[in-house]
Each structure stands twice: as C-alpha cells, then as structure tokens.
Amino acid sequence: MSRVLELLLEGQALDSAQMAEILGMNVSEVEAELETLKQENIFLGWRPVLQPNASGDNQVRALIEVKITPEREGGFDRIAERIAKFSEVETCYLMSGAYDLLLVVRGDNLQSVARFVSVRLASINGVLSTATHFMLCAYKEQGFLFERDQRDPDKPSVSP
Amino acid sequence: MSDMSRFIARHVRDLPKSGIREFFSIVEKNPNAISLGVGEPDFVTPWAFREAAIFALERGKTSYTNNLGLIHLRKAISKYLEKNFSLSYNPENEMLVTVGVSEALDIAIRATLNPGEKLLYHEPCFVSYNPSAKLAHAEAVPVPTSSQDEFALNPDALAAAWTPECKALLLSFPTNPTGGVVNREKLERIAKFAIEKDLIVYSDEIYAELTYEGNHVSLASIPGMKERTIFLHGVSKAFAMTGFRLGYACGPKELIDAMLKVHQYAMMCAPILSQEAAIEAFLHGEGEVKRMRDAYRRRRDYIVRRFNEIGLPCHLPKATFYAFPCIQQTGLDSHEFALKLLQQQQVAMVPGTAFGASGAGFIRASFSTSYERIVEACSRIERFVGSL
C-alpha cells in the first residue's frame with residue numbers, strides 16, 4: 001500500500017506538508033502520489049466526519065432498500081449507476097440477500113426524503129419496490145466514537 | 001525526633017531511588033511539557049479486550065483463580081507461543097501467570113538465586129533488573145552494551161564479565177530503552193556460553209511483538225536452551241494492556257514449581273478480570289497488534305530521521321517504541337541535556353543514565369505518542385540543540 005495512503009488511513013488531519021515531513025518526502029512527491037491515487041480512482045476526496053446527532057443542520061438520513069430488475073446486458077449496473085447520480089444519495093451499494101440496492105439518503109427533512117423516494121426513486125423504470133428506514137440516532141460514524149477514550153489524568157507523564 | 005530508618009531493612013535502605021522517579025517529579029512540575037518519556041503504549045486497550053473483562057465481571061467472575069492462572073488462559077498462551085514464538089510449553093505445569101512481567105522476574109530470581117550469587121545482565125536496560133537482584137540478596141553484574149553494536153549484547157563482553165560466582169543471565173531483547181535486538185548468530189553464541197558456564201537464563205521478551213525488521217528469535221527456541229531458560233512475557237506492550245498487570249513465565253516444570261511457591265504465598269494469583277481480558281487478546285488480538293505496530297513503525301521512521309538531521313546520531317531501533325539518540329556532541333551529559341531541554345523547550349525525555357551507567361551520553365525518546373506531538377517535540381529539540 002502507498003505510504004501516503006497508509007498515513008491517510010490513520011485518520012489524522014495532516015496536510016501535504018505535514019505528511020511530507022513525517023514520511024521524509026518532498027511536498028511535491030506527496031502531492032503527486034495523492035494525484036495518482038485520485039487518477040486511479042482509489043482516493044476519492046476529503047470530507048470531515050461530523051457527529052450526525054450534533055451537526056446542527058437538522059438533516060435527516062435514511063437507509064433505503066431497493067429491489068430492482070436486472071437487465072440482460074449489464075445486470076444491476078445501469079439502474080444502480082442512475083440512482084447513485086442523485087445528489088440526495090450519499091452511498092449506494094449492491095447487496096446480497098433480500099433486496100438489491102442499499103442507499104444512504106440525506107434530506108433537509110422527512111418530507112424531502114419522502115418526496116425523493118416517491119417521485120424520483122420509485123418511478124424509475126426497473127425499480128420494483130423500496131423500503132425506507134429513517135435513522136433515529138447514531139452511536140458511531142465511520143469509525144469514530146462520539147465519546148472518545150479520555151486520556152487518563154493519572155497516567156504518569158514519565159514512566160520506565 | 002524519630003529516626004525511622006532504623007526500622008528499614010539495610011538492603012532496602014541502600015537501594016537507590018529510580019532515576020525515572022526522580023525525573024518524573026521534575027516533569028510533573030511542567031504540566032504543559034510534551035512528554036516523550038512514557039514507557040507504555042499511547043493506545044487505549046482495544047475494546048474487545050476491555051469488553052471481555054466487563055463481560056467476566058457481569059458474569060460474577062470475581063474470585064481467586066488457580067495459583068498458576070486460569071487453565072483457559074494458559075492454554076491460550078500455549079497456542080499463542082507455539083504459533084508466534086515456535087515455543088512449546090505444557091499449560092498444565094510449565095507455565096505460571098503473574099502480576100505483570102515484573103512479578104514474574106522477581107519470583108524467578110527469588111526462586112533460583114541464593115544470597116550472594118551473581119546475576120549477569122546487560123545495560124542500559126529496564127530499571128528493575130539490578131534492584132530485583134539486590135532485593136533477593138543476590139548480586140547483579142552489568143555487562144555494558146554500546147551503540148557500535150546497536151546495543152545488542154556482545155558475547156565477548158559477556159564472557160569478559162563472567163566470574164565463577166555467576167549463576168544466572170538476564171536477557172531482555174528487544175531492549176527498553178535502546179530498541180536493541182540480538183540476531184540469531186549472536187544469540188547462538190550467547191546460548192553456547194550459557195550452556196558452557198551452566199547458567200540459568202531469564203529471558204524478558206516483553207517487546208517481541210513490536211519487532212519491525214526481521215523476525216524475533218526467542219532465546220528459548222535455540223537448541224539446548226529451553227531446559228535452562230525461564231521465558232518471561234506479558235500483555236502490557238503488544239496488546240496495550242499495561243494497567244491490567246498480566247504477565248507469565250514459562251520454563252522447566254521444576255523451576256515453575258519453585259516460582260509457584262513464592263507466587264502462592266506472596267501474590268496468590270493474578271486478577272481474574274485481567275486473565276479473562278488476556279484470553280481474548282491471545283486468541284483474537286493479532287489484528288490489533290498489527291495495527292499498533294504499523295503505527296509505531298511509521299512514527300519510528302520519522303523520529304529517528306529527525307534526530308539524525310538535528311545532529312543527534314541515532315540508530316534505527318529494530319523493535320520497541322524507543323529511540324536512543326546520542327547527545328555527547330552537545331557537550332552536555334544525559335541528565336543536563338534532559339533537564340535543560342525540559343526547562344527551555346518543555347520536552348520531556350529520560351536521561352540514558354536512568355537505565356544504567358552505560359546509558360551515559362544517550363537519551364531515551366519514546367515515540368508512543370501522536371504524530372502531532374512527535375513533530376512538535378522534534379522542532380523544539382532542534383531549536384534547543386541549535387541554541388547550545
């Protein structure tokens with residue numbers, strides 16, 4: 001694995017200069033490696049991870065199970081890619097099991113998500129059914145816990 | 001005026017206080033200092049291991065255990081050692097679970113050395129080795145290691161330090177504070193010497209899993225050594241479980257039996273909740289160990305490169321989370337360097353002399369802390385060295 005990618009995956013907020021410093025590379029080398037990772041569609045982009053319960057925007061999120069009809073050429077791909085293009089869709093996976101696609105959809109309120117489902121999603125040719133589950137409360141987000149382990153104040157600052 | 005010293009045993013009264021303790025008191029007065037002085041993982045114990053302890057508590061596991069430790073734990077250790085160390089020990093009678101490796105070493109020495117007998121050990125090393133021998137009324141004989149050998153024990157230096165009163169040899173590779181390791185060829189020479197001189201060997205391998213280059217070779221796996229070696233290990237470093245205080249000793253049945261006598265009277269058993277957490281660690285902790293080791297390795301590469309850039313020559317430690325740069329060319333001794341650095345730039349590191357006389361001219365930097373702190377600490381050290 002690329003050293004830059006390994007460092008990114010540790011989840012620390014480091015800019016190119018800091019990464020270069022830590023890895024003993026030039027800033028231009030780090031940026032070139034990031035660019036290559038982007039070109040190869042491995043590293044897709046940056047985004048802060050927010051606490052869904054406390055981000056203050058009152059947005060709602062829903063998980064939507066979608067059953068679709070596979071097509072003779074391309075299987076599920078064409079419809080999945082079409083659905084994934086909607087800006088409301090944050091994530092779109094093809095699943096094994098009782099349904100085909102799992103979407104994570106975000107909206108300003110319950111009505112806007114409902115409208116997306118009924119007007120945009122359910123009306124697509126090939127979509128057989130949908131089941132929408134609204135998220136009530138989050139306990140962990142993309143690997144981050146909301147109550148982090150606190151540094152123990154009694155932990156000695158120097159020890160053998 | 002009372003003179004309480006009359007109540008204190010002579011061998012305890014004469015024991016010097018740990019150099020670390022002394023330095024800790026100074027650092028405590030600088031709460032804003034960045035500390036590279038911590039001798040334990042900065043990672044919190046992985047949740048799965050903590051959860052195992054909580055689950056055990058919920059099930060009412062609050063009793064003593066077998067003096068040797070829970071048999072499930074000993075079986076898990078046995079399997080783990082077989083897989084990772086190529087060591088085979090019978091969990092029924094060749095293994096003893098202790099309260100940290102410190103207890104394991106203490107009872108190993110107490111069970112095997114008579115007053116006045118000598119124990120060879122290499123320096124710089126963990127702070128407790130010499131005092132543990134003295135507390136058992138034995139005599140500890142240091143064998144210096146040097147930066148030329150990257151702090152591996154030189155078999156010739158070992159032979160030179162030997163006298164007929166020497167009964168035991170204490171090895172601790174990989175080494176705190178130097179990160180030193182011993183390769184197989186040297187280990188075989190040391191083993192040959194131990195057999196020739198009929199030494200019992202205590203091998204503290206607590207940092208083995210934090211080996212970054214090559215494979216760790218356990219002394220006990222060298223032919224002819226298992227029958228004279230007490231292998232000492234624990235969960236503190238690899239599994240980030242220092243506060244659980246869980247160690248173990250493996251060795252010939254007769255020696256484990258002798259250690260058990262001391263253990264059963266002095267300690268009874270290791271805490272049951274720690275034992276339960278350790279079972280989970282041994283059986284399913286491999287991924288967590290790798291995650292932490294990879295993070296340490298990246299920090300090591302950075303800090304060692306920076307020390308060398310700053311002009312503090314530093315070998316690349318092949319294991320542990322300690323770098324041991326040389327500070328001789330600054331004109332300061334280890335203690336002065338550490339003290340002035342703390343006072344002027346608020347960075348805490350431990351003087352090499354806290355780990356024995358042959359640590360003079362060096363300083364221990366623990367990279368068991370976050371990148372941001374390491375990067376900032378290195379900038380401050382650079383400013384400090386530049387100002388000298």
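Two residues are in contact here if their C-beta atoms, placed from the backbone, lie within 7 Å. The model is predicted, so local features need pLDDT of at least 70 and side-chain atom pairs count only at pLDDT 80 or more, while totals for chains, interfaces and linings use all residues. Residues are numbered from 1 along each chain as its sequence is written, and chains are lettered from A in the order in which they are written.

Select α4 (residues 71-85) and α10 (residues 272-284) of chain B, which pack at an angle of about 25° with their axes 9 Å apart; helices are DSSP runs of H or I, at least four residues, numbered from the N terminus. Because angles under 35 degrees count as roughly parallel, α4(B) and α10(B) are roughly parallel to each other. Now show the side chains: B:His72, B:Leu73, B:Ala76, B:Ile77 and B:Tyr80 in α4(B) meet B:Gln275, B:Ala278, B:Ile279, B:Phe282 and B:Leu283 in α10(B).

Next, select chain A together with chain B, where 13 residues of chain A are in contact with 22 residues of chain B. On the chain B side, α2 (19-28), α11 (286-310) and α13 (371-387) each supply at least two residues, and α2(B) gives the most, with five.

Finally, centre on B:Ala108, which touches B:Tyr202, B:Ile230, B:Leu232, B:Ala249 and B:Met259, not counting residues up to four places away in sequence.

Conventions. Axes fitted to C-alpha atoms, helices over the stretch in contact; angles between N-to-C directions. Parallel < 35°, antiparallel > 145°, perpendicular 65-115°, else oblique.
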